[in-house]
Amino acid sequence: MSIQFIKTLNESTFLDPMNNFAPKTVVSEIRYDPLTGQISRIFPFRKFILHRHDWTPFVEESKQKFCPFCPGILDKATPKFPVNIAPEGRIRMGNATVIPNLNPYEKYASLVVMSSQHYIPMEEIDVNLIANSFRAGLNYLQRVIATDPEEARYLSIGWNYMPYAGGSLIHPHLQVLAGKEPSNYDKQLIRASENYLTKHKSNYWTDLINSEINNGDRYVGQTGQVHWLCAFAPRHIGDVMGILPGKQTIVDITDDDLNDLAAGLCKVIRYYNQNNIVSFNAALFFTSNENKGFAIHVRIVGRFTIFPLVGSDITHMQIMHDDPWTVLLPETIAQELKKAF
Ligand SMILES: [Zn+2]
């Protein structure tokens, strides 16, 4: 079944101060997410330029301050898990350490300190760092599911890289959550995927991959079993999804899948870095066995500031109206990103 990609073009007219107040018409787009129907807006800044941002002063300042995740401090300053979750206190896998979040915002909330290295510049983020950190996060999730299957039903792994993306500490870390209910957005995805399956007797995510391969507008490429594409209705700039069709729970995910997901993320992060997108949010989405029609996927969006003012890229449109927006066309990004895959 092929997916419908629906958008409307709005023409706005004003008298242009740059051209002697002659009438000028500008086109913006409203796009509808093909699964949830949620609106996403494409602003008409066709020549939007992101300026290079140097994190060095932030990083230097952070080194002078207290960092609970740095070697020698982590063991003294971070909490340990109760014995039913981790008798060893903290879960260590390769260079990653999983610890409880001191400020939990879900029943099961932990952090994966991804490395002993305080600052990892974008160009040094590699497959092993990401795959190993995800592996450590999944290991924690498997333990809480085994301990408390009733309360640890919905899971997520998230990443806020650097302060523009809400990263409170420079030291790279993931956010790992498990709770009784999915987040608002996860709930939308799960319900809409189930409705799609019921209505069309077909899996939305597989149909999305096939539709994007056929039209070629936003399909980026493949790493192993993972298919990468730019979202038709972006949640923010540079919105890229890596979809693992046919898999939906954390027990379905293999070590090869983790490496494939990490390999694609590294390519996207490298692209961000080359295009002055210096910060990002990412999340790995799963669902439980009882929900049908889903597919495990990772999603990554760029975060930026409005240079030279240190302005936020989150406005009333996202906060008050739940309308995501972007200034970069997904089709343009897909054509560029394709070269890396
Ligand atoms: Zn540190």
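Arg31, Leu35 and Arg41 supply 43% of the area that domain 1 buries against domain 2, more than any other three residues. This is a predicted model, in which local features need pLDDT of at least 70 and side-chain atom pairs count only at pLDDT 80 or more, while totals for chains, interfaces and linings use all residues. Residues are numbered from 1 along each chain as its sequence is written, and side-chain values use heavy atoms, with hydrogens and water left out.

Domain 1 spans 7–42 and domain 2 spans 56–340, bounds that come from an automatic or database domain assignment. The contact (heavy atoms within 4.5 Å) takes 13 residues from domain 1 and 20 residues from domain 2. Between the domains there are 2 salt bridges, a salt bridge being a side-chain nitrogen of Lys or Arg within 4 Å of a carboxyl oxygen of Asp or Glu. Arg41 forms a salt bridge with Asp323, their closest N and O atoms being 2.9 Å apart.

The zinc ion has Cys67 (SG), Cys70 (SG), His118 (ND1) and His171 (ND1) as protein donors, 2.1 to 2.3 Å from it. Donors are N, O and S atoms within 2.8 Å of the metal (3.2 Å for Na, K and Ca); water is not among the atoms, so sites may look incomplete. Along the chain the donors follow the spacing C-x2-C-x47-H-x52-H.

Terms used. Buried area is the accessible area (1.4 Å probe) that two parts lose on being put together, summed over both.
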